[in-house]
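Subject: Handover of a structure

Dear colleague,

Please find the structure below, together with an account of what was found in it. I would be grateful if you could read the account with the structure open.

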Number of protein chains: 4
Amino acid sequence: MANFKGHALPGSFFLIFGLWWSVKYPLKYACRKHKKICWFGSKVGFQRVEVIEGAVKAIFALIGILAEQFVPDGPHLKLYNHEEKQWDHLMNWQHATMYFFYGISGVVDIITHTTKAVPVAMDRMMLAIAVFVEGILYYNHVHGRQELDLHIHLLLLFAVFGGALCIFLEVFFRGNIILELFRCSLCILQGSWFWQIGFVLYPPGGGPEWNQNDHNNIMFITMCYCWHYAFALLIVGVNYGVVIW
Amino acid sequence: MANFKGHALPGSFFLIFGLWWSVKYPLKYACRKHKKICWFGSKVGFQRVEVIEGAVKAIFALIGILAEQFVPDGPHLKLYNHEEKQWDHLMNWQHATMYFFYGISGVVDIITHTTKAVPVAMDRMMLAIAVFVEGILYYNHVHGRQELDLHIHLLLLFAVFGGALCIFLEVFFRGNIILELFRCSLCILQGSWFWQIGFVLYPPGGGPEWNQNDHNNIMFITMCYCWHYAFALLIVGVNYGVVIW
Amino acid sequence: MANFKGHALPGSFFLIFGLWWSVKYPLKYACRKHKKICWFGSKVGFQRVEVIEGAVKAIFALIGILAEQFVPDGPHLKLYNHEEKQWDHLMNWQHATMYFFYGISGVVDIITHTTKAVPVAMDRMMLAIAVFVEGILYYNHVHGRQELDLHIHLLLLFAVFGGALCIFLEVFFRGNIILELFRCSLCILQGSWFWQIGFVLYPPGGGPEWNQNDHNNIMFITMCYCWHYAFALLIVGVNYGVVIW
Amino acid sequence: MANFKGHALPGSFFLIFGLWWSVKYPLKYACRKHKKICWFGSKVGFQRVEVIEGAVKAIFALIGILAEQFVPDGPHLKLYNHEEKQWDHLMNWQHATMYFFYGISGVVDIITHTTKAVPVAMDRMMLAIAVFVEGILYYNHVHGRQELDLHIHLLLLFAVFGGALCIFLEVFFRGNIILELFRCSLCILQGSWFWQIGFVLYPPGGGPEWNQNDHNNIMFITMCYCWHYAFALLIVGVNYGVVIW
């Protein structure tokens, strides 16, 4: 949805997952390090957590798809407008496609951690694919937009492709706390940046619009992106510290 | 061949290999995991399969080269038109070159698995090179085409270069089921996308042509590509499930 | 600061660190190789060195931020000019942001090597992030400049992204002397290139300005960059030789 | 030197090294595999070979630099033309810079294999840097040329950057026969492509010049590049076969 809510919704999803991961992975790391027999660190307990996580991911994806399809000005599952002979609501369909891949990732998570048929690294692989597909969609999403709009979306790609690479590496280096925390920080960055995009492109409360072609705005937005990331790093660091002590 | 059949032929080759791999690798994985003494899992049996696979690959490549060269409007091995003083049927020659590298890969497969002279990882390396060369050819293939034509070919490059990277990683991580399934899915994607290109650019049955410069068409095609991949993932997943149970 | 000093300051910081590293890592390598019980090679001694290094890094970053903010024509922490309704001194703010990430890296170094709570590879990860953020800022920094200015800044990106990649690899291959020396050489290159940028864009002593659009100047600058790197390699080589013998 | 000989000289250097490597590495591999006590496979014998190789590399580089500087229309070590107030013979200087880095690589080879002070992987690292610097120089070399000239040089970059990546991987996977043969094939490709560039851009014997902007020529050159690579693979394959049997 090309409005504020359409960016706030995925932003919230990413923020929730980023924050949750920034608690979960330090906890797991602490359990493993001190060889304490905590419920969370046990194999069964951890698997249950992973299954719940996958289920939540799938539900979020379903909410996202339904929201994109059935908002009042949405496509309602209609893809082609036969009267005007053109594609209908492609933006909503693209967003729904993005959610759909996260949904697949959630389902694969559940299958991976409930049965033993699938190698355990498959959950990371599928998540990496989902993130990469998001990147491809975004990259082609901004075709023909104005400069600031384009730039603000392309900045997101650093977080998206960085995240996809990080998760792909986790296929081979599973349980590496450094990669896991890096993933958390990129996930929080993505979440907060979705909110930022919403605030810049669709100012809520009817504020004045940003000048799309002002070079200063573009330079500010780049810097702002870095600040968001510094903030994400701070959150991950604080959560890590609190969990460890 | 710049027509529907010219895209359907390689598409079918890729689909056949993708589907075959999505059965072969889970089977191999299941055999190895359960330490069952199945014919397929034995060293001799497996080598025989690899040799046959290489032979089929080489034969497919040969069919492709012959088809490109000796169709009625093909070059018939003539490269330079001395009358018009220009290169002749370069498209067909480029396609034939692409097939030729897959042919080399097939021959290397046979040599690798019949003799012990060549390290076993050489089959993956040669396949990675063949896929990468395909990518280079495609990248320069689309020079000066219309926008939709360009975009639909460039999307293919994600599958091609992703596949080349994946196979190159297999040189080092041989037998990694995650990478093998990833390769299957990309191979099926490539196959089905060749068919899609054929349907879009040369609609069989004389359907109306697509508007090459409509921005909506480009956005739809991007999304369509993702759906093809979701479909490829589904096929790989179902085949994996059937084989394992 | 868009003047000579504003490039000489970070240049000096990078040179100091590059030179220090080109002494430190060979020393460490020699101690480890000969299993001599030298103070520097001991665990406690080495940790102390790392902590001091982190502190110096943080102090340099603080000096950089203060210099960018409080020079006479600096922003003095004012980001938005309400009178002219536009962003104020964005260049200084971008530079300060760059320093800020190096500051975070310094603080993480101190935490990593004084407590045992954080995995030791975190110092490399944070440094890689800081260098990568510098790269993103520089990449968007040069938007809309003249050709020579653009080219001279983009050349820096080879050193920046090369360095980020190298440090990221060190997360996995910690203590690899090859990577460490490579990092030294890129760090010295960055330092000397900052000085070079200062000399070219803001010739001190009021020399004549360079022709920004002369193609020959651009070709010369590219070659000059390679010479700087040859020089950096020479320094690293000589330091390595002196330390080892 | 922007003439036929200026491309034939480096082409010959690369061809000689590529052919030599395609004999050396299979020989080494065969010795190691059969645990035969052949002179070549022994540590001392092999080190001597590496030192000679480094010396030859350094001598080739020296010949290249001298040729670029002291040909009749060369710069004779003069970099700046004070009369015309512009840089002089930048092309020759760039080529000399390229040779210079290969010279450094040769010297590092000698040092690495005569003393024990330097870790053995340093020879690969330095070669990777030399190849990468060649890539950077070439990338900026073609600025402002005509389309075919540009394209034919950029194609070379696939071999150059592919080679740099391959050699960089050898730092970590030293002695991997797959990577070594891959490097051979790319080196031969580079050599034969230098000759091809010479034939296309400066036809010897005064043949007709190629039309620089004909799209067909560009497509043909791309395909021709792939054929060169197929040929390089064939040579490496045949040499490997002969050596092994």
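A salt bridge is taken here as a side-chain nitrogen of Lys or Arg within 4 Å of a carboxyl oxygen of Asp or Glu. By this rule the structure holds 32 salt bridges over all chains. Side chains of opposite charge can pair when their charged atoms come close. One pair is Asp109(B) with Lys57(B), whose closest N and O atoms are 3.0 Å apart. This pair links distant parts of the chain, 52 residues apart: Asp109(B) lies in helix H3 (residues 90–114) of chain B, and Lys57(B) in helix H2 (residues 43–70) of chain B.

Please note that this is a predicted model, in which local features need pLDDT of at least 70 and side-chain atom pairs count only at pLDDT 80 or more, while totals for chains, interfaces and linings use all residues. Residues are numbered from 1 along each chain as its sequence is written, chains are lettered from A and ligands numbered from 1 in the order in which they are written, and side-chain values use heavy atoms, with hydrogens and water left out.

I turn next to the chains and their interfaces. Contact means heavy atoms within 4.5 Å. In chain A, 30 residues are in contact with 29 residues of chain B. These two chains, A and B, bury about 2700 Å² between them, 80% of it on carbon and sulfur atoms; buried area is the accessible area (1.4 Å probe) that two parts lose on being put together, summed over both.

Between chain C and chain A, 30 residues of chain C are in contact with 30 residues of chain A. The area buried between chain C and chain A is about 2700 Å², with 80% of it on carbon and sulfur atoms, and the salt bridge count between them is zero.

The remaining findings concern helix packing. Helices (H or I, at least four residues) are DSSP runs, numbered from the N terminus. Axes are lines fitted to C-alpha atoms, for helices over the stretch in contact, and angles run from 0 to 180 degrees between N-to-C directions.

In chain B, helix H1 (residues 4–34) and helix H7 (residues 215–244) pack at an angle of about 40 degrees, with their axes 9 Å apart. H1(B) passes H7(B) in a right-handed crossing, meaning that the near helix is turned clockwise from the far one by less than a right angle. Among the residues that meet are Leu19(B) and Pro26(B) in H1(B), and Ile235(B) and Tyr240(B) in H7(B). By class, this contact of H1(B) with H7(B) has eleven nonpolar, two polar and no charged residues; Ala, Val, Leu, Ile, Met, Phe, Trp, Tyr, Cys and Pro count as nonpolar, Asp, Glu, Lys and Arg as charged, and the others, Gly among them, as polar.

In chain A, helix H1 (residues 4–34) and helix H7 (residues 215–244) pack at an angle of about 40 degrees, with axes 9 Å apart. The crossing of H1(A) and H7(A) is right-handed.

Yours sincerely

Note on methods: Helix = DSSP H or I, 4+ residues; strand = E, 2+ residues; numbered from the N terminus.
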